[in-house]
Structure formats: C-alpha cells, structure tokens
Amino acid sequence: EKGPDPKLVIAPAGSGGRLRQAEKVRLAKWFEAYKKGSYDNKWSHVTGWGDVEDAERILADTHGFFERSGRP
C-alpha cells in the first residue's frame with residue numbers, strides 16, 4: 001500500500017514508441033485522479049516517466065515475483 005507503484009504505459013501504434021508531452025500530461029492527470037474517489041483516501045502522484053529499458057526491467061521484476069509466488 002505504500003511506496004512506488006510503477007505503471008507500464010504502451011505508446012500508440014505509429015508513435016515510434018514515444019508519448020507526446022500532451023499525452024504524458026493527460027495520463028498523469030488521470031493517474032492522479034483515479035484514486036481520489038476511493039473509500040480510504042488513497043492518492044497517486046506521477047513522479048516521472050521512464051523509457052523502454054525501465055519498462056522491460058519493471059516487467060521482468062514483476063514477472064519474476066509472480067513466478068516465485070507459486071501461483072498457477
């Protein structure tokens with residue numbers, strides 16, 4: 001419940017794998033607003049944007065955690 005909660009955002013086809021600044025602003029506002037209505041006053045704040053290598057590392061770490069959990 002506490003600490004970083006990275007998200008992987010996929011860029012639209014034809015974008016060259018990059019989000020425009022306007023798209024980043026719009027997505028950041030969405031991420032910051034989507035928890036405001038929750039019953040336990042959760043919040044979210046976008047602190048920055050990574051690159052493809054960051055996404056691959058996060059995905060590999062998450063997949064490794066899932067594999068070690070023993071869930072089907």
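Glutamate 23 is buried, with a relative accessible area of 11%. Here, buried means under 20% relative accessible area, exposed means over 50%, and partly exposed lies in between, computed with a 1.4 Å probe on protein chains only. The model is predicted: local features need pLDDT of at least 70, side-chain atom pairs count only at pLDDT 80 or more, and totals for chains, interfaces and linings use all residues. Residues are numbered from 1 along each chain as its sequence is written, and side-chain values use heavy atoms, with hydrogens and water left out.

Glutamate 23 belongs to helix H1, which covers residues 21–33. Helices are DSSP runs of H or I with at least four residues, strands are runs of E with at least two, and both are numbered from the N terminus. The protein has two helices and zero strands.

The surroundings of glutamate 23 were examined next. Its side chain reaches the backbone nitrogen of arginine 20 at 2.7 Å. Glutamate 23 is also in contact with Pro12 and Arg18, when neighbours within four places in sequence are left aside. Contact means heavy atoms within 4.5 Å.

Arginine 20 also forms a salt bridge with glutamate 23. The closest N and O atoms of this pair are 3.8 Å apart. A salt bridge is a side-chain nitrogen of Lys or Arg within 4 Å of a carboxyl oxygen of Asp or Glu. Side chains of opposite charge can pair when their charged atoms come close.

Arginine 57 is partly exposed, with a relative accessibility of 46%. Aspartate 54 is partly exposed as well, at 28%.

Values for the whole protein complete the description. Buried residues make up 8% of its 72 residues. The protein exposes about 6,600 Å². Carbon and sulfur atoms supply 55% of that area. Accessible areas come from the Shrake-Rupley method with a 1.4 Å probe; for residues, only the protein chains shown count as cover. Among contacts between residues at least 6 apart in sequence, 32% join residues at least 24 apart.

Methods: Polar contact = N/O pair within 3.5 Å; in protein donor to acceptor, adjacent residues only side chain to side chain.
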